[in-house]
Amino acid sequence: MTSSGGSDQDTGAREGRASRSPLPGWGVPDSVSGAVIDFLGQTWARGTLSVRDRQLITLAVLVALGSREPLQVHVRNGLKGGLTRDDVYEAILHAGAYAGFARATDAYEVTKDVLAVRPRGTASPAT
């Protein structure tokens with residue numbers, strides 16, 4: 001047992017979960033990180049909108065917020081999930097019409113970088 005009342009095995013399990021956290025290096029407690037994962041999973045699992053629609057909405061919101069790192073992740077996930085390059089660029093263009101040219105330009109650069117490092121054959125050749 002450790003001084004906090006938990007066993008060494010419990011501590012190891014917590015450290016293992018922390019290494020898989022969707023909030024790396026942010027010092028977010030496992031319970032909060034787990035709650036975020038649960039909430040997002042439940043949100044994405046709702047049947048009203050298709051996953052494709054949710055991917056496009058997520059991209060548009062991240063463009064509007066100027067969230068570069070999450071945008072990288074969601075561009076990759078969207079492409080893995082069936083979005084084309086044209087879909088991604090159209091979402092950026094559309095969001096930019098409302099969020100501003102600077103946000104759209106920044107998102108375009110992020111997306112261009114993501115697409116440049118994708119393995120061959122995993123995305124359409126259209127830019």
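1. Helix α5 gives the most to the lining of the second largest pocket, with six residues. Helices here (H or I, at least four residues) and strands (E, at least two) are DSSP runs, numbered from the N terminus. A pocket is defined on a 1 Å grid over the protein atoms alone, as an open set of points with protein on both sides within 12 Å along at least five of seven lines; a cavity is a set of points where a 1.4 Å probe fits but cannot get out, and lining residues have an atom within 4 Å of a point.

2. Basis of the note. This is a predicted model, in which local features need pLDDT of at least 70 and side-chain atom pairs count only at pLDDT 80 or more, while totals for chains, interfaces and linings use all residues. Residues are numbered from 1 along each chain as its sequence is written, and side-chain values use heavy atoms, with hydrogens and water left out.

3. Details of the second largest pocket. Its volume is about 150 Å³, where a volume is the space filled by probe spheres set on the grid points, and points are joined across faces, edges and corners. The lining is made up of Y89, E90, I92, L93, G96, A97, F101, A104, T105 and Y108. Two or more of these residues come from each of α5 (85-99) and α6 (101-116). By class, seven are nonpolar, two polar and one charged. In this division Ala, Val, Leu, Ile, Met, Phe, Trp, Tyr, Cys and Pro count as nonpolar, Asp, Glu, Lys and Arg as charged, and the others, Gly among them, as polar.

4. Is E90 buried or exposed, or does it fall in between? E90 is classed as partly exposed because its relative accessible area is 48%; buried means under 20%, exposed over 50%, and partly exposed in between (1.4 Å probe, protein chains only). E90 and A60 are 30 residues apart in sequence, yet their C-alpha atoms are 9.6 Å apart in space.

5. The overall fold. The protein has six helices and zero strands, so that its pattern along the sequence reads α-α-α-α-α-α. Of its 127 residues, 24% count as buried. Among contacts (heavy atoms within 4.5 Å) between residues at least 6 apart in sequence, 52% join residues at least 24 apart.

6. The nonpolar core. A nonpolar core is a set of buried Ala, Val, Leu, Ile, Met, Phe, Trp, Tyr and Cys residues joined through side-chain atoms within 4.5 Å. The largest such core has 17 residues, and those with the most contacts inside it are L59, V63, L71, V75, V88 and I92. Helices α3 (51-65), α4 (68-80), α5 and α6 each supply at least two residues of this core. With neighbours within four places in sequence left aside, V63 is in contact with L71, I92, A95, R103, A104 and A107.

7. T111 lies in helix α6 and counts as buried because its relative accessibility is 1%. Beyond residues up to four places away in sequence, T111 touches L71, V75, V88, Y89 and I92. L83 is placed in the loop between α4 and α5, and its relative accessibility of 4% is why L83 counts as buried. L83 and R52 are 31 residues apart in sequence and 7.1 Å apart, C-alpha to C-alpha.

8. An exposed residue. A102 is in helix α6 and is classed as exposed because its relative accessible area is 61%. A102 and A64 are 38 residues apart in sequence, with 9.8 Å between their C-alpha atoms.

9. The cavity. Rolling a probe the size of a water molecule over the atoms shows where empty space is left. How many cavities of 30 Å³ or more does a search of the whole structure find? The search finds one, and about 40 Å³ of space lies in the largest cavity. Its lining consists of L62, V63, G66, S67, R68, L71, R103, D106, A107 and V110. Helices α3, α4 and α6 each give two or more residues to this lining, and the largest share, four residues, comes from α6. By class, the lining has five nonpolar, two polar and three charged residues.
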